[in-house]
Amino acid sequence: IQRLFRQTPIYIMPKMKQPLSEEEIYQRLSRRCAMCEYAPRDIRQKALQLGATRSTADQITNRLIDENFINEQRYARSFTHDKFTFSHWGKNKIIVSLKQKGISTGVINNALATIDPEQYLETLKNILTQKSRQIKDEDPFVRQRKLASHAIAKGFEPEIVFNAIERQ
């Protein structure tokens, strides 16, 4: 029995962390917003995770908006630019993602207007060319279907995709 007690570890209660005050939550979130663009919904959720009540989270988010740490238009433009330029997303996929972030339709339309139409079509052509090299099927119908489904999954509009495939 003595051996059993020697092997049993002693558990020490961990120290409970003090809940963060409203000002501490604001300071953390303002530092975060100064480094990167965030949607208002993301910051509100982060405030709730840090222990703020719903009303406090709304107050902090509104304060950050008033002080221009958070700006929906700036966020939507940078999100659109990054997803189009680096991830090669089409407009449909960008729209869905921004709507999930709670961005308004007018702001989304303004952000999408920053995409150059010629560059948009050139990106689509590059995606189709790269995918075409990967497809092993010789049947033209199967190839077109696979190309179209790939480009549509990337968020490009079906009518633009089919026109681009026909021109290839």
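**Group meeting: a helical protein, region by region**

Helices here (H or I, at least four residues) and strands (E, at least two) are DSSP runs, numbered from the N terminus. T85 is partly exposed, with a relative accessible area of 29%. On that scale, buried means under 20% relative accessible area, exposed means over 50%, and partly exposed is in between, with a 1.4 Å probe and protein chains only. T85 and Q119 are 34 residues apart along the chain, and their C-alpha atoms are separated by 9.6 Å.

A word on the source. This is a predicted model, in which local features need pLDDT of at least 70 and side-chain atom pairs count only at pLDDT 80 or more, while totals for chains, interfaces and linings use all residues. Residues are numbered from 1 along each chain as its sequence is written, and side-chain values use heavy atoms, with hydrogens and water left out.

Now the overall picture. The protein has ten helices and zero strands. Of its 168 residues, 29% count as buried. Take contacts, meaning heavy atoms within 4.5 Å, between residues at least 6 apart in sequence: 62% of them join residues at least 24 apart.

Setting aside neighbours within four places in sequence, T80 is in contact with I94, L98, A111, L112 and I115.

Next is α2, which covers residues 22–35. Its 14 residues reach 20 Å from first C-alpha to last, close to the 20 Å expected at 1.5 Å a residue. The expected span is 1.5 Å times one less than the number of residues. Which residues of α2 are buried? They are I25, Y26, L29, S30 and C33. Seen down the axis of α2, these fall within an arc of 130°, so they line one face of the helix. The arc is that of the directions from the helix axis to the C-beta atoms. On the other side of α2, R31, A34 and M35 are exposed. The cover over the buried residues of α2 includes α3 (40–49) and α4 (54–66).

Helix α8 can be described in the same terms. Its 18 residues should span 26 Å at 1.5 Å a residue, and its end C-alpha atoms are 26 Å apart, which agrees. In α8, Y120, T123, L124, I127 and L128 are buried. Seen down the axis of α8, its buried residues fall within an arc of 135°, so they line one face. The face turned away from that buried side carries the exposed residues E118 and R133. Among the elements covering the buried residues of α8 are α5 (72–85), α6 (91–100), α9 and α10.

Last, the rings. Rings of Phe, Tyr and Trp (its six-membered ring) pair if their centres lie within 6.5 Å; planes under 30 degrees apart count as stacked, over 60 as edge-to-face and the rest as tilted. By this rule there are four aromatic pairs. One of them, Y120 with F156, is tilted, at 5.0 Å centre to centre and 45° between the planes. Y120 lies in α8 (residues 117–134) and F156 in the loop between α9 (140–153) and α10 (158–167), so the pair ties together parts that are 36 residues apart in sequence. Both residues, Y120 and F156, are buried. Y75, F79 and W89 form one aromatic cluster.
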